[in-house]
Each structure stands twice: as C-alpha cells, then as structure tokens.
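Open the model in your viewer and keep the selection tool at hand. We will go from stop to stop, picking a residue or an element each time and looking at what surrounds it.

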Amino acid sequence: MAVASRKFFGTNGIRGVPGKDITLEFIAEMSQSIGTFLGSSKPVLVGNDVRNSSPSLVGSVLSGLLSAGNNVNAGGLAPTPAHQFGVRTLGYVGGIIVTASHNPPQYNGIKFVGSDGVEVRREDEAAVEAIYLEKKYNRPDWQAVGRSGKESRVIENYIAGIMSQVNVPRISGRKFTVVLDIGNGAQAVASPYLCERLGCKVITINAQPDGNFPGRGPEPTPAVLKDMCEAVRSYHADFGVAYDGDGDRSLFCDENGEIYWGDRTGSMLADYLLSKHEGGPVVTTVSTSALVGIVAANHGAKVLWTTVGSVDVSRAMIDNNAPLGLEENGGFFYGPHIPVRDGAMTTALVLETLAARNISFSQAISKLKTFYQKKSKFECPKEKRPNVMKIIEAKATRSGAKIDRTDGLKIWTDDNSWILLRPSGTEPIIRIYSESDDEEKLEKMYAGYEQALKEAIEAS
Ligand code: MG
C-alpha cells in the first residue's frame with residue numbers, strides 16, 4: 001500500500017471551513033475515494049447535521065460516491081450516532097456523515113464509518129488517502145454509475161434501538177421531568193421524542209435546528225449552560241442535559257442545577273451498569289478521572305486507558321469486547337447499542353439508573369468519591385515541544401513519581417493525584433489536566449508543574 005504523503009483525516013474525520021480549507025471538488029473526490037475503498041456491493045448511507053453548508057457538502061458526497069459506482073441513500077438530518085446506528089443495522093457497507101461536531105458554525109467536514117457504524121481504523125483512512133492522492137478511484141461509465149435513493153428510517157430506527165436497551169416501564173413509572181438543551185443541534189429531531197416515549201415531561205431550550213447556533217453555540221461547556229440550570233430549577237426537573245452540535249456528546253446537571261463533567265456522570269453510569277455487565281471492562285482515556293478506576297474496582301472490573309480521542313475509545317471497546325466507554329468531555333459509549341458516543345443513549349441510561357435505584361441525580365453522584373480537577377493549556381511552538389517534554393519528564397523522574405506514557409506524560413505523585421501534560425495534535429499548545437482527592441495537594445502539584453513548564457518553554 002502506498003503511503004499517503006499528506007494527511008487529510010484528523011482525529012475525527014476531515015474538518016475545515018468550506019470555501020476556504022475544503023472545496024466541494026475535494027469533498028467529491030475524497031468521497032469517490034471512500035466509495036472505491038468500500039466497493040459497491042451494498043449501498044452507502046449519507047447523513048448530515050444542521051450546518052448551513054451541509055446540503056452543499058452532501059451534494060458533493062453523493063456526487064463522488066455515485067460517480068465511483070456506489071449506490072447511495074441520503075438519510076437527511078439526524079444526530080451523528082443515529083446515522084452510525086443506521087449504517088450498522090439497516091444493511092449498509094459504510095457511511096459518510098457531513099458534520100463538524102462541536103466546532104464553530106463556519107466549519108464542516110466528513111466522518112467516514114465502516115459497516116459496523118464506527119469510524120474506520122487509521123490504516124483504512126490512510127488507504128483512502130492513498131487512493132485520493134494517486135487518483136486511483138473508480139470511474140465507471142454511464143451504465144455503471146450508482147443509483148441514488150432516500151433512507152427515511154434513520155431516526156425511528158435510532159429511537160427504537162435505544163428503547164430496546166433500557167427498561168421502558170420502569171423509567172415511565174418515575175414520570176421524570178427533564179430539561180433538554182439541544183443547542184440548536186441535531187438532537188432536535190431525536191432526543192425530545194425519545195424522552196416523551198420514555199414517559200418524561202420534556203422541556204426543551206435552544207430546540208430549533210439552526211446552523212448559526214444562535215442559542216449557546218455548538219459546544220456544551222459549563223460556562224454556557226446557565227439557562228439549562230435555571231430551567232431545571234424553575235421547572236423542578238429531575239436533571240438537565242445539553243448536547244453538542246451533532247448530538248454525540250452530553251453534559252448533565254442535577255436537580256439543583258449543578259453541572260458535572262463527563263467523567264463524573266460517566267462514573268455514575270458505570271457504577272450502575274457494571275452490575276448488569278459484570279467484569280466490564282470499561283474503556284476510557286488517560287485524561288479521565290481516577291474515579292472511574294475506583295468505581296470499576298468496586299465491581300471487580302478492569303479499566304483500559306487509551307490515548308485521547310473518541311475513535312481510540314471505540315476501537316479499544318471493539319478489540320476488548322468492552323460494554324462501556326467514557327470521556328471527560330461528555331462522551332459516553334454503550335457497547336450493547338453501538339460502541340460510539342451517543343447523547344440520546346446516554347440520556348436514556350441516566351433515566352434508567354435513577355429509576356432502577358429510585359434516587360435523585362445528586363444522590364447518585366454523592367455516592368462517588370470526591371476529586372478536584374484543574375485543566376488549562378499553554379502556548380508552545382511545535383518545534384520546542386519535544387525538548388520541553390524531556391525537561392518535564394526528567395523533573396518527574398527525579399521526584400520518584402510514577403510515569404505513564406500512553407499519551408503525553410501522566411505523572412502520578414501519589415495514588416490519587418496525577419498531572420497530565422499532553423501536546424495538542426492540532427494546535428501549538430500543551431494541555432494540562434490534573435486531579436487529586438485533596439484540594440491543597442492539587443494546587444501545590446499544579447503550581448509546581450506549571451512553573452516547571454513555563455521555565456522549560458523559556459529554556460527550549
Ligand atoms: Mg460531536
């Protein structure tokens with residue numbers, strides 16, 4: 001196989017600003033390359049999120065696939081995990097989803113998934129890139145171009161799939177009230193209907209799909225979710241949940257409007273779900289709270305720690321037959337449904353957890369050990385980074401700390417305290433994540449390494 005000399009696929013598909021970084025011709029030829037890679041035995045599903053540029057990009061994707069001889073069905077607007085589940089269950093050889101997830105409105109891109117609905121492996125992306133660069137894609141004559149059709153089952157298939165994974169009568173019996181902050185994204189067409197069918201009283205905010213994301217932007221972070229928390233308190237709801245633009249990530253607040261990062265909600269879910277899926281394992285990234293390890297150990301389950309990235313979690317789940325995966329940014333993966341992060345599936349699992357245990361969200365969270373976290377990022381030119389990381393590693397080694405090199409440097413200063421320094425794959429920055437069960441210890445550890453990092457950047 002030829003080695004691609006350029007890399008188009010990033011950590012999560014191909015992304016850029018249409019008209020600037022990515023052209024319609026590029027998307028068409030890349031889709032032609034994907035179609036060639038897949039072969040033309042079964043149709044390819046093409047889906048999209050709410051972005052203004054999505055219809056034009058879908059046109060290019062369809063054009064590329066059809067000209068490579070692939071039959072295609074357009075699934076229209078749906079959350080990314082709905083399209084992924086559709087590819088897996090409705091008889092497709094693969095799928096291309098037009099989305100830029102949580103990126104600002106001007107961005108868009110494509111995500112390429114295999115017949116299992118999961119993003120393809122890195123080596124398959126490289127094979128597609130090689131086909132593209134060598135222009136070795138199929139160019140059949142007029143008699144052999146693909147046929148195009150519609151796929152209208154994506155949303156209903158998705159909602160039914162999620163409902164089949166949870167105890168519907170038990171959830172309906174609790175008559176939950178939930179606030180859904182759709183963020184003008186793709187869950188507008190799925191999650192509210194799912195929650196209604198699970199017997200919930202549903203209050204939605206930012207529920208109109210809109211590619212300008214006028215509500216609170218496409219990325220759910222605690223800083224932009226005040227309206228959701230306020231709505232939860234004023235409607236006396238059981239919890240609130242906010243999705244990202246394409247509906248695969250979800251951040252929750254409890255009945256008091258307190259927001260939790262994904263590793264805390266994910267640990268709460270794991271604590272319940274590991275009683276159903278004995279032994280796990282649970283897959284998560286090295287930037288996730290040690291809480292996951294404690295919860296898993298309580299159930300006699302193992303945790304597999306991966307490099308940072310949702311595809312890394314999905315692939316490790318498949319390789320290890322793991323039922324659960326999670327990320328600190330609000331990604332939760334439920335293997336029995338599909339091992340990809342999924343905002344609506346996660347919402348249904350939260351409902352089931354609270355119903356099965358007959359407790360409130362804050363009660364479920366309060367069962368978990370408290371950890372304190374601090375995250376930030378430092379600018380550092382890419383060429384300086386190897387030396388900077390070497391200096392930090394030497395400091396950690398001198399101090400006798402345990403070092404994990406899965407992704408960047410994760411330095412354990414004691415059993416419940418660690419700091420992770422990780423050069424970003426896309427920007428000239430080094431990210432810092434740190435955690436301890438002791439707030440004072442966290443401050444001291446963080447300050448020490450922050451100082452060391454500043455000095456190392458200066459000296460490099
Ligand atoms: Mg997303």
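Predicted model: local features only at pLDDT ≥ 70, side-chain atom pairs only at ≥ 80, totals over all residues.

Start by selecting R139, which counts as exposed at 55% relative accessibility; exposed means over 50% relative accessible area, buried under 20%, and partly exposed in between, with a 1.4 Å probe and protein chains only. You will find R139 in the loop between α4 (122-133) and β6 (148-150). Helices (H or I, at least four residues) and strands (E, at least two) are DSSP runs, numbered from the N terminus. Show the neighbours: leaving aside residues up to four places away in sequence, R139 touches Q32 and S67, where contact means heavy atoms within 4.5 Å.

Residues are numbered from 1 along each chain as its sequence is written, and side-chain values use heavy atoms, with hydrogens and water left out.

Next, zoom out and colour by domain. The assignment for the protein chain gives domain 1 (3-152), domain 2 (157-366) and domain 3 (372-459); such bounds come from an automatic or database domain assignment. Between the C-alpha centres of domain 1 and domain 3 there are 38 Å.

Now select the magnesium ion. Which residues coordinate the magnesium ion? They are S101 (OG), D244 (OD), D246 (OD) and D248 (OD), at 2.0 to 2.1 Å. Donors are N, O and S atoms within 2.8 Å of the metal (3.2 Å for Na, K and Ca), and water is not among the atoms, so sites may look incomplete. Along the chain, the donors of the magnesium ion follow the spacing S-x142-D-x1-D-x1-D. Two of them link distant parts of the chain: S101 sits in the loop between β4 (94-98) and β5 (108-114), and D246, 145 residues away, in the loop between β9 (239-243) and β10 (250-253). Both S101 and D246 are buried.

Move on to helix α3 (residues 80-89) and helix α5 (residues 154-163), whose axes lie 9 Å apart at an angle of about 90 degrees. Axes are lines fitted to C-alpha atoms, for helices over the stretch in contact, and angles run from 0 to 180 degrees between N-to-C directions. That makes α3 roughly perpendicular to α5, the term for 65 to 115 degrees. To see the contact, show P81, A82, H83, F85, G86 and T89 in α3 with V154, N157, Y158 and G161 in α5.

Stay with α3 and ask how many of its residues are buried. The count is 8 of the 10, so α3 is largely enclosed by the rest of the structure. Its buried residues pack against β2 (44-48), β3 (72-77), β4, β5, α5 and β16 (338-341). After α3 comes G91, with a positive phi near 85 degrees.

For a further stop, pick E352 in helix α12 (residues 343-357). Is E352 buried or exposed? E352 is buried, with a relative accessible area of 3%. Beyond residues up to four places away in sequence, E352 touches V166, N167, I171, Y272 and K276.

Finish at S234 in helix α8 (residues 226-234), which is partly exposed at 47% relative accessible area.

Terms used
Parallel < 35°, antiparallel > 145°, perpendicular 65-115°, else oblique.
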